[in-house]
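Please look over the model below. A few numbered notes on its sheet and charged pairs follow.

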Amino acid sequence: MEFDFYKTKKNKSASSLKSKLFDEIQDAFFVLTISADNDYNMPFINDSAYKMFEILVDDIFTNTILSVYDRIHEDDKNTVKQSLIDSIKKGKKWDVAFRAQMPMKGLRWFRISSKRELDRDKNVAFYGRIVDITDLKNQELKLKIAEERFKFALETSTSGVWDWDMKANSVFYSPQSLDILGLEATSTFDCPESWNEIVHPDDLEKYYVALYDHFEGKTPFYENFHRVLTSNKKYKWILNRGKVIERDTSGKPLKVIGTHTDVSAQKEKELELMKKMESYSEKNDRLLNFSHIVSHNLNSHAGNFKLLLDMIDLEENFAQKRETMKYLRTVSNDLNKTIEDLSQIVNIENNADIVVEPLNLNAYLSRVLNIVSAYNHRNNATIINNIPDDATINFNPAYLESVLQNLCTNAMKYANPNEFLKIEFNFFLENGKKVLTIKDNGLGIDLKKYGHLLFGMYKTFHKHEKANGIGLYITKNQIESMNGSVAVESQVGKGTTFKIIFND
């Protein structure tokens, strides 16, 4: 049904329509006049005002504006009064919010907004509206409390908030986020591409995989641990979380919000714990390996002893018994050697107070080369020593001599008979650690086949008459007892390189 004001019958005047509209509106409308002599009068106020302020109709016209003014909260009366005076004197609109105490509804919030007019006789008229804003104020209060709680939670946590507007390709960071990243202002780091520069190269791929898995809806939210380069050029571990909160009609993400949490201390403890667990696991494996060796080797020797003694009991003449006694002596010597080897390993594992001194590497290398010079290949070997004269390491003297002797002896022992032996020594820094490499052009080792056995006890990989498989096992134990590590690269027929990384 259409309503055309131009076709309205004359008896439905504009005044009648306005009256009906006023009756339906819950807000209070008023006209307040103030004469040049400062006389106040309220010539008009609609019916909603009576209900709003819980005032009888007769009272509001008897006491005029005072009926409403009496309802205003004591703490707000001066504010309302001063705002009216300022409006009269300065020619501004009268606009003020205040509280009023109602007999039945209790404390309510109201807002007055009005238009000011001045006539020739300096009389002021305000044509205004009063709105009950209690619900709005309550919502504002709840919002303010929620914001304060959120602000407090952020300020007292290690998390910062970020907001990525993908349409504008810009990112907002909260002060906590900037603090975590070591930045002073967002303007220096407000585009997403900047992350390529600060995320650790080793973490960049998994960072993007986690991010785009969420963008494609594979995960309910984005979560990733990674390292970031801060302004002081140091890496820090953070937990980065985010969620798409707006997408376009095709599902493409438009807006993402998330948090950064500094987890450096937690991650360092985690890595330290993992390192300790790896160390304990390795020691446990060595202990298990050692127990197998002890069990197997001592049982073998014990079996040999029993067999030979049984043979002696069965033999009738002295000559036969004497011949068997020679074998018994051989078995006894082998047992002594096994016990010596095992005792040496036990001493390395149990020696908690190993003496560590700054040692000149060249001095010990020269001594070792003189010791192993008895090997036939020594006279034909070419020694290439690239170790600086002043190179020093913190190590146990006996262990260093043993390590160098074992590795040099191996190089000479397993020289390629078809090549002139060359042994090259290099010393350098790598990732802040001192490194020694010993490279030869000998027979080499098939690491694919024997790599997992290389440092095992009594493991040999060449048919050499003096190979006993104990040297590399002891060498590895000695280096690791100094908190160092040893690695090997080798190719059959091309030679072997041992790499020792010292803990200083």
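1. How many bridges join β8 to strand β9? Eight bridges do, and the two strands run antiparallel. Strands here are DSSP E runs of at least two residues and helices are H or I runs of at least four, numbered from the N terminus. Val228 has Lys236 of β9 as its bridge partner.

2. This is a predicted model: local features need pLDDT of at least 70, side-chain atom pairs count only at pLDDT 80 or more, and totals for chains, interfaces and linings use all residues. Residues are numbered from 1 along each chain as its sequence is written, and side-chain values use heavy atoms, without hydrogens and water.

3. The open sheet has five strands, ordered β7-β6-β10-β9-β8, with antiparallel pairing (at least two DSSP bridges between two strands). Its edge strands are β7 (170–173) and β8 (222–229).

4. Helix α9 (residues 201–215) packs on this sheet. The helix touches β6, β8, β9 and β10 (contact: heavy atoms within 4.5 Å).

5. Arg241 and Glu223 meet in a salt bridge at 2.6 Å, N to O. The term requires a side-chain nitrogen of Lys or Arg within 4 Å of a carboxyl oxygen of Asp or Glu. Arg241 lies in β9 and Glu223 in β8, so the pair ties together parts 18 residues apart in sequence.

6. Asp262 forms a salt bridge with Lys236, at 3.8 Å between the closest N and O atoms. Asp262 is in β10 and Lys236 in β9, so this pair ties together parts 26 residues apart in sequence.

7. Within α9, Lys206 and Asp203 are three residues apart. Their side chains meet in a salt bridge. A network of salt bridges links Asp203, Lys206 and Arg227.

Methods:
Axes fitted to C-alpha atoms, helices over the stretch in contact; angles between N-to-C directions.
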